[in-house]
Amino acid sequence: GKAALDGFGQEMQGTTYGSIQVEGHTDRMGSEAYNQTLSTRRAESVKSYLVEQVRLDPARIGAAGMGEREPTTVAGTCPESMSRAQRITCLQPDRRVDVEVTGTR
């Protein structure tokens with residue numbers, strides 16, 4: 001993940017941007033409250049990295065936890081009948097951070 005964020009930072013060099021929105025996501029395992037907290041921590045962690053390591057303007061970066069509300073896996077794709085390990089692997093695409101930039105190049 002850090003390598004991807006470093007690459008993103010290099011792409012942002014010399015770019016004029018209005019804002020960056022960082023959204024953390026989780027899979028549907030665990031409670032809704034836990035997943036909300038986890039997704040928020042995930043987004044805040046990426047924001048911190050972008051500010052501290054990549055040196056982007058913190059005033060232009062927002063971070064939000066989306067919890068389990070926007071999965072990339074289709075319902076029924078990873079049924080509870082799978083073993084826990086298989087289900088964790090199957091739901092991996094849902095555990096992510098999306099970064100959206102608005103502005104001009």
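Trainee: How many aromatic pairs does the count come to here?
Mentor: The count is zero. A pair needs two rings of Phe, Tyr or Trp (its six-membered ring) with centres within 6.5 Å; such pairs would be sorted as stacked with planes under 30 degrees apart, edge-to-face over 60 and tilted for the rest.

Trainee: Thanks! What should I know about the model and its numbering?
Mentor: This is a predicted model, where local features need pLDDT of at least 70, side-chain atom pairs count only at pLDDT 80 or more, and totals for chains, interfaces and linings use all residues. Residues are numbered from 1 along each chain as its sequence is written, and side-chain values use heavy atoms, leaving out hydrogens and water.

Trainee: What makes the charged end of arginine 60 count as sitting over the ring of tyrosine 17?
Mentor: The charged end of arginine 60 is 5.5 Å from the centre of that ring. The rule asks for NZ of Lys or CZ of Arg within 6 Å of the ring centre and within 35 degrees of the ring normal, so arginine 60 sits over tyrosine 17.

Trainee: Which elements make up the protein, and in what order?
Mentor: There are three helices and three strands, running α-β-α-β-α-β from the N terminus on. Helices (H or I, at least four residues) and strands (E, at least two) are DSSP runs, numbered from the N terminus. The C-alpha atoms fill a box of roughly 50 × 25 × 20 Å along the principal axes.

Trainee: Which residues of helix 1 are buried?
Mentor: In helix 1, residues 2-12, they are Leu5, Phe8, Gly9 and Met12. Buried means under 20% relative accessible area, exposed over 50%, and partly exposed in between (1.4 Å probe, protein chains only). Of the 105 residues of the protein, 30% count as buried.

Trainee: Why is helix 1 called oblique to helix 2?
Mentor: Their packing angle is about 50°, with the axes 10 Å apart. The axes are lines fitted to C-alpha atoms, for helices over the stretch in contact, with angles from 0 to 180 degrees between N-to-C directions. Angles under 35 degrees count as roughly parallel, over 145 as roughly antiparallel, 65 to 115 as roughly perpendicular and the rest as oblique, which makes helix 1 oblique to helix 2.

Trainee: Is arginine 55 buried or exposed?
Mentor: Exposed, because its relative accessible area is 66%.

Trainee: What makes valine 97 count as partly exposed?
Mentor: Valine 97, in strand 3 (residues 97-104), has 28% relative accessibility, so it falls in the partly exposed range. Threonine 102, also in strand 3, is partly exposed at 35%. Its C-alpha is 5.4 Å from that of serine 19, 83 residues apart in sequence.
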